[in-house]
Amino acid sequence: DTESNAPRNWKQAVSNMGVPVCLVVTGQLTNQNSLTFVAFAALACATADTWSSEIGVLSRTSPVFIVSRKSAQPGVSGGVSTLGTCCSILGSLLIAFVYYCYYEQIAETTCILILGFTGALIDSLIGELFQAKYLSATSDYTDQQSAGKLVKGFRIVTNNVVNLMAVAITAAIAYQLQNLLL
């Protein structure tokens with residue numbers, strides 16, 4: 001199994017939820033309610049990426065790498081499909097809707113929707129450009145280290161690292177955006 005297709009484990013949970021949980025805890029301990037918005041944006045990114053990955057692999061059309069536009073195997077990081085992209089938007093929309101239900105702030109809700117989707121795109125970008133890719137027996141790129149020779153990216157950059165980076169970048173953008181606009 002590739003790391004991205006393996007059953008969920010604690011590393012994946014931490015890489016996706018570590019940043020939002022830390023933001024919520026920090027916000028509560030320091031009485032900084034503004035970190036809630038940032039946490040929701042990070043959570044929207046993680047949800048958008050998870051939905052795009054888990055449902056996108058069911059697409060009837062082949063995914064393509066987000067930068068090179070070359071054909072990608074389903075489930076390989078950096079690959080995007082129409083179905084996965086639509087699911088990404090829906091995942092982000094769900095988290096934005098939950099935020100709106102609690103805070104009724106349309107501008108912040110809209111930002112969370114956009115940031116979540118953008119974060120999923122950032123995840124795909126980092127996945128294509130930096131995540132370790134190996135050449136399979138069928139001459140396709142795979143995230144599976146056991147497939148053989150590293151042909152692209154960095155061995156240390158796994159799917160979990162990509163997820164953590166995308167969620168953290170989204171949180172940083174949300175923090176800056178909140179300070180500038182909201």
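**Note on aromatic contacts**

1. The count comes to six aromatic pairs, where rings of Phe, Tyr and Trp (its six-membered ring) pair if their centres lie within 6.5 Å, with planes under 30 degrees apart counting as stacked, over 60 as edge-to-face and the rest as tilted. One of them joins phenylalanine 40 and tyrosine 103, edge-to-face, at 6.4 Å centre to centre with 85 degrees between the planes.

2. Phenylalanine 40 belongs to helix α2 (residues 34–56) and tyrosine 103 to helix α3 (residues 82–103), so this pair ties together parts that are 63 residues apart in sequence. Helices here are DSSP runs (H or I, at least four residues), numbered from the N terminus.

3. The model is predicted: local features need pLDDT of at least 70, side-chain atom pairs count only at pLDDT 80 or more, and totals for chains, interfaces and linings use all residues. Residues are numbered from 1 along each chain as its sequence is written, and side-chain values use heavy atoms, with hydrogens and water left out.

4. Phenylalanine 40 is buried at 16% relative accessibility, whereas tyrosine 103 is partly exposed at 38% (buried: under 20% relative accessible area; exposed: over 50%; partly exposed: in between; 1.4 Å probe, protein chains only).

5. Tyrosine 103 also pairs with tyrosine 99: the ring centres are 4.7 Å apart and the planes lie at 35 degrees, so the pair is tilted. Both residues lie in helix α3, four residues apart, about one turn of the helix. Tyrosine 99 is buried, at 4% relative accessibility.

6. Ring pairs link Phe37, Phe40, Tyr99, Tyr102 and Tyr103 into a cluster.

Key
Helix = DSSP H or I, 4+ residues; strand = E, 2+ residues; numbered from the N terminus.
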